[in-house]
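Please look at the sequence and the model below, and keep both in view while you read. The paragraphs that follow go through aromatic rings, then charges over rings, and then helices.

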Amino acid sequence: MSDNNIIKKVCVIGAGTMGAGIAAQVANAGVPVLLLDIVPKDAESKGLGRNAVAEGAVAKMLKTEPAPFMSKSAAKLVETGNIEDHLDKVVECDWVIEAVIERLDIKQGLYAKLEAVKRDGTAVSSNTSTIPLANLVEGRSDAFKRDFLITHFFNPPRYMRLLEIVTGPATDAAVAAKVEQFADVSMGKTVVKAKDTPGFIANRIGTYWIQLGLNAAFDMGITIELADAIAGKPMGVPKTGIFGLVDLVGIDLMPHLQASLTSTLPAGDLYHGIARDIPLINKMIGEGYTGRKGKGGFYRLNKEAGRRKETIDLQTGEYRPTITAQGPRGAASKGDLKALVESKGDIGAYAWAVLGDTLAYAASLVPDAASDVVAVDDAMKLGYNWKAGPFEMIDKLGAKYLAERLAAEGKAVPAILTVAGDRTFYRIENGKRQFLGLDGEYRDIVRPEGVMRLADVKLSSKPIIRNASAALWDIGDGVVCLEFTGKMNALDGEVMKLIGQAIPLVAAQYKALVVYNDADTFSAGANLGLALFAVNIAAWGEIEKLVAGGQLAYKGLKYAPFPVVGAPAGLALGGGCEILLHCDAIQAHAELYCGLVECGVGLVPGWGGNGEMIDRWRNAPGMPKGPMPAVAKVFEMVSTAQVSKSAQQAREMMSLRKDDGISMNRDRLLHDAKQKALSLVEGYTPPEAPEFKLPGAGGRTALGLAVEGFHKRGMATDYDVVVSGILADVLTGGDEFDLVDTVSEGELLKLERDAFMGRLRDDRSVARVEHMLETGKPLRN
């Protein structure tokens, strides 16, 4: 790629929530970004700097949770300024993103100024969510129009993967491709190409769906709790449901979206038929009940009543205690959409009122708003976190069923439903996933170059080995993939058994191994439910066998005669973190939440994680020499169950090493990991087993004093002190070793194993494990 097509610096204009968040994500990608906003009114008289708006936005983001920055160090890549003094710096930038207020006159005024200072070929894009591109560039030169497009990010920009890109008839394809490539590879976005229509794809369908849900609940007189119990998990959309979602995004946003869409959508659009002014919503906004960001919304916490959760009554407008709704049951509660819409009473009626018309509306937007059904489905899954897109939902209902029911009610049947007839919109043919086009022909879904999904591999192959908890797949070019398959990808004896089978097989027939799965959670760690069951029947031998088997399997991977690359995304906790520590290299997704958390459930790491972390920290650049500094650092992290909040933070914690890779785009992770594995093949030799000098009794005393200080300040419970003491024993060499001794890797593993077994025999640890399994939260006993 030539320098003209590489984005080396970005400018974001508008330091509000969206603009600042976009700037943060550019910085997360390791790319410098210039963040500009207006000069505050009366800045001098108020004692404010002229860059105060942008500077304040960065400062706020450093305190915000969930954090826009993946690491505080990323904030150093954000240069702040103001539009009056620093617009000429745009000449240094390869992409300018406008994220100012949704007013056409303000945007057009800014573009006129930008045109005078930017270089030819520098992309300019608007983050507008509603204004058509044709209106934005009205009056601009042909050269400006060639460099202009819409890039609609979703909030929060770090976590929402969807980016809708809209180009105009004059947009230079090379400029658009440059932006798309950067947004995809560097910013981690899944790009969906939308047409230049109001609301584009996701917000147009999403706003319609929300309005339907609100209208139907008011019209049918059903409670908010029941509405959300129907139009939430049973439909495969976030458990917030519709009213909970509106509270989350802000009730005051709804009138603005409605006004924008009704003013820009063509007269015949179905949205005009459902848009309505709801007096209760206007009253709530007027009184500051704008959702979670305000005093409350459809739901609120009543602080005067002991933070009691309350819900507004749609008929009376008064708050009352929140009730538990008797929502869908059986198949209707578990993703069977036909069972849901055919349920008796209010449940079926409400489900159909929301789902039937939403799916019909989505179907009517192909090809006017989107070229194909894949774009529509991707937009809703990534922009609104739906588990299935509208056309995937139609496949569950049946296109013919939906068309016939719409026709029976006298409603228009979208052309694409007629084209489908009794066929599905998606099918598997010759190991390829295909989609149905408007012409009635099926086409392969083509992934962008560098995108690889294990789900696609599975369509055309069978596992090399499989058992109840893991599988081994051939992913091409001599590389195999080890996949965990249990609930939350928990690790058990079956996983360890398959690893033992895989090592000689890969050594004989393949080049390298990647540890990866498509799930949102890499691994939540050891199967605690299984361990608890074994404790309850006093199967101590089986538990010790599992611990020893895990140690053997992980060291087998570490010393295998081929490269092993870990490719985690999401949670990698406990044993899930430990398997990564035994890999030759890691290619992690940027959103990696990794850590040795065993102390939180009254245990200590037992699959080799302690030794691996000590080895990393004692070799870390700048780490003081001697046995104590590395041990103290590992003790600090493990005893407090620290978890990284990003892959970059995992690197700072040494769970990732300097040379380990980070993939910003989740869909590129497997491909990137495979390439990293192949790069290690030539001349590969396994690592040498480490030996340790541990600090012994003196180090143990020092660590104990630190814990006692936390205990006195109320930051550690009585049992935290006990568990931390056991961890300190392991890390400092126990009673068997002292400062003058050399401790082998195997001897350290035995210390781990004995410590783990001892904690499982303690009722206080068992109570912590039970509480974690029941509530998902740690017990502070």
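**Rings, charges and helices**

Ring pairs link Y111, F144 and F148 into a cluster, where rings of Phe, Tyr and Trp (its six-membered ring) pair if their centres lie within 6.5 Å, and planes under 30 degrees apart count as stacked, over 60 as edge-to-face and the rest as tilted. This is a predicted model, in which local features need pLDDT of at least 70 and side-chain atom pairs count only at pLDDT 80 or more, while totals for chains, interfaces and linings use all residues. Residues are numbered from 1 along each chain as its sequence is written, and side-chain values use heavy atoms, with hydrogens and water left out.

By the ring rule, the count comes to twelve aromatic pairs. In one of them, the ring centres of Y208 and Y361 are 3.9 Å apart and the planes stand at 10 degrees, so this pair is stacked. Because Y208 belongs to helix 8 (residues 202-220) and Y361 to helix 15 (residues 345-364), the pair ties together parts that are 153 residues apart in sequence; helices here are DSSP runs (H or I, at least four residues), as are strands (E, at least two), numbered from the N terminus. Y208 is buried, with a relative accessible area of 4%, and Y361 counts as buried at 1%, where buried means under 20% relative accessible area, exposed over 50% and partly exposed in between (1.4 Å probe, protein chains only).

The rings of F391 and F425 have centres 4.9 Å apart and planes at 75 degrees, so they form an edge-to-face pair. Since F391 lies in helix 17 (residues 390-397) and F425 in the loop between helix 19 (415-420) and strand 12 (426-429), this pair ties together parts that are 34 residues apart in sequence. Both F391 and F425 are buried.

Charges can also be placed over rings, which requires NZ of Lys or CZ of Arg to be within 6 Å of the ring centre and within 35 degrees of the ring normal. The charged end of R433 sits over the ring of Y426, 4.3 Å from its centre, and R761 lies over the face of W540, at 4.3 Å from the ring centre.

Which helix is mostly covered, with nine of its eleven residues buried? That is helix 16 (residues 373-383), whose buried residues include V373, V374, D377 and L382. Just after helix 16, N385 takes a positive phi of about 60 degrees.
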